[in-house]
Structure formats: structure tokens, C-alpha cells
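The points proceed from the whole chain to its individual elements.

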Amino acid sequence: MLIRLLGTGNAAQIPVFGCSCRVCARARVDERYRRRPSSAEIVTSTGRYLLDAGRTDLAEWLDPSVLRGVILTHYHMDHVEGLFQLRWGPLPAIPVYGPPDENGADDLFTHPGCFDFSHQLLPYVPTTISEELTVIPLPLRHSRLCFGYVLRGRRESIAYLSDCDGVGPQSLEQLRREAPKAVIVDCTYPPDAGRNHFSLDRALAFAEHVGAPRVYLTHIGHQLEQYLLEAPLPLDGPVSVACDGMTLTVD
Ligand SMILES: [Zn+2]
Ligand SMILES: [Zn+2]
Ligand SMILES: [Zn+2]
């Protein structure tokens, strides 16, 4: 199984509309520095699953014949926007797994199109999505009901924790028990800034607390990226910044 990050930016993405800071200017001329809204795909031998769908260009390149389902962390628009176009596809029902948030986003639940939103997940309860993939929802501290996920393969697991400004004791305990080989975690802001999402100091403290061998920061805002130009993370440390297109394997 493979996890490919398709969007590692926050809701503003990078480049930010109308911003001419160094980070946004660089991303405008060099594709490698772009950060699109939260999206990832999980590639298994029997098909693909979207893990959040914040990108609005999915309909242009996503192969519908291999799309087996969608797993949502929460219903903030920057994580579900892509579904608004995809739903009109003339396809058999595609299951959407996510937190039991009765409001959803805008009219997604009243006009679901090809998506079946009935697959609500329960906190801490492992749910087998396919032969190769079991997910364990971990409630996160965020302004809206939001699940992080342990993505468990046959022998290994990875944790995807976006969006959050903290993890409660029960989620933390389960996370430690699962001992994922890597943790991908929200880090939107530079140190001592913002709320509702981790800032760099809080994300680094969390990473140390969890003790995962590898930690990748995602949901990156342009101010954090400006800060990292001046004060990059140590190259030999366990924490690094994710980028769009990055892949991780989970056996
Ligand atoms: Zn900028
Ligand atoms: Zn959010
Ligand atoms: Zn977000």
C-alpha cells in the first residue's frame, strides 16, 4: 500500500492569492514549491481511496475506474471541496467514510450524487476498508469534529493527523500503542502563532511526545514556510516538512 500526498497546504494554499512574499513568488514560478489544499490518495492493489479531497482539480485527472472510496478527516471546506465536482459523475455509489458530523458541508448530504455518506466511523473503532487497509479514527482537537487516522496495512501503520491543535489522552494512548512508522501531522503556523492548528513549536513538542521514528508536517501556511527559509529544520532529525507528491509505503 502506498500513500501519496496530493495537497500539503492549508486552506489558503501556496501561492496565496495576491501575496508576493518570497514563498508565494517562488511557488508561482516553480511547481515543486506549490502546496495545494489537503488531499492524499491511498493506493492499494485493488484500487484507490482519497484521503480528504481539498483539491478542486481532481475531476481533471483522477481515474474513476479505480476509485474505491473516500476517507474524510472532517467537513471543513478545504478538505472536501473536491467532492463538489466529483459527485456529479455517472458512477456506481462510492462510499465516503468519515466522522459522524450531521451538518457535512453545504449541500453535500442533500445532493450527494455518486457519493454514499452513510459510512460514518466511530472514534477508536478499527474499521476494515479493504483487505489491505484498516483505519482507526482518533478524535483530534479542532474547531469541528475531526478524526485523525491510523492507516494500518498488513504489518505496518502510518498516522495522518490533520487538522489539529492537539490530541487528547485517549487518542494519544492509542497512537502510541499502534506505534506507526511515520506520523503526518498538521503544522500550519510558525512558532507561537495561530490557534486551532499546530504551530511549529507545538507540533515539534507533540512529535517528541509521540516518539514516532518519522514525522512529516503538513497543512503548511506561507508564514510557516517563510520562517523555515530562515530557520530550516535539522536535516538529520526525525521531523521534516512534507511536500505535494511525496509518497510513503505501508506494508
Ligand atoms: Zn505568501
Ligand atoms: Zn479544519
Ligand atoms: Zn484544513
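This is a predicted model: local features need pLDDT of at least 70, side-chain atom pairs count only at pLDDT 80 or more; totals for chains, interfaces and linings use all residues.

1. Two residues are taken to be in contact if their C-beta atoms, placed from the backbone, lie within 7 Å. On that basis, among contacts between residues at least 6 apart in sequence, 61% join residues at least 24 apart.

2. Overall dimensions. The C-alpha trace spans about 50 × 45 × 35 Å along its principal axes. Seven helices and 14 strands are found in the chain, and 44% of its 251 residues count as buried.

3. Nonpolar core. The largest nonpolar core has 61 residues. Those that touch the most other members are Val70, Tyr149, Leu151, Ile184 and Val185. For Ile184, leaving aside its neighbours within four places in sequence, the contacts are Ile158, Ala159, Tyr160, Leu161, Tyr216, Thr218 and Ala242.

4. Strand S12. How many of the five residues of S12 are buried? Four are, and the strand, which covers residues 214–218, is accordingly described as mostly covered. On one hand, S12 runs parallel to S11 (residues 182–186), to which five bridges join it; within this pairing, Val185 stands opposite Leu217.

5. The pairing of S12 with S13. Strand S13 (residues 239–241) is also parallel to S12, and three bridges join them. Here Tyr216 has Ser240 as its bridge partner. The chain passes from S12 to S13 by way of helix H7 (residues 222–230), again in a right-handed β-α-β crossover.

6. Helix H6. Which residues of H6 are buried? They are Leu200, Arg202, Ala203, Phe206 and Ala207. Viewed down the axis of H6, these buried residues fall within an arc of 160 degrees, so they line one face of the helix. They pack against S11, S12, H7 and S13. The face turned away from the buried side carries Ala205, Glu208 and His209, which are exposed. Just after H6, Gly211 adopts a positive phi of about 75 degrees.

7. Helix H1. In H1 (residues 22–29), the buried residues are Val23, Cys24 and Ala27. Seen down the helix axis, they fall within an arc of 95 degrees, so they line one face of H1. Helix H7 is included in what covers them. On the other side of H1, Arg22 and Val29 are exposed.

8. Arg26. This residue also lies in helix H1. Why does Arg26 count as partly exposed? A residue is buried with 20 or more other C-beta atoms within 10 Å of its own, and exposed with 12 or fewer; Arg26 has 16 C-beta neighbours inside 10 Å, so it counts as partly exposed. The C-alpha atoms of Arg26 and Ile14 are separated by 9.5 Å, the two residues being 12 apart along the chain.

Terms used: Residues are numbered from 1 along each chain as its sequence is written. Chains are lettered from A and ligands numbered from 1 in the order in which they are written. Helices (H or I, at least four residues) and strands (E, at least two) are DSSP runs, numbered from the N terminus. Two strands pair if DSSP finds at least two bridges between them. A crossover is right-handed if, with the strands pointing away from the viewer, the path from the first strand over the helix to the second runs clockwise. The arc is that of the directions from the helix axis to the C-beta atoms. A nonpolar core is a set of buried Ala, Val, Leu, Ile, Met, Phe, Trp, Tyr and Cys residues joined through C-beta atoms within 7 Å.
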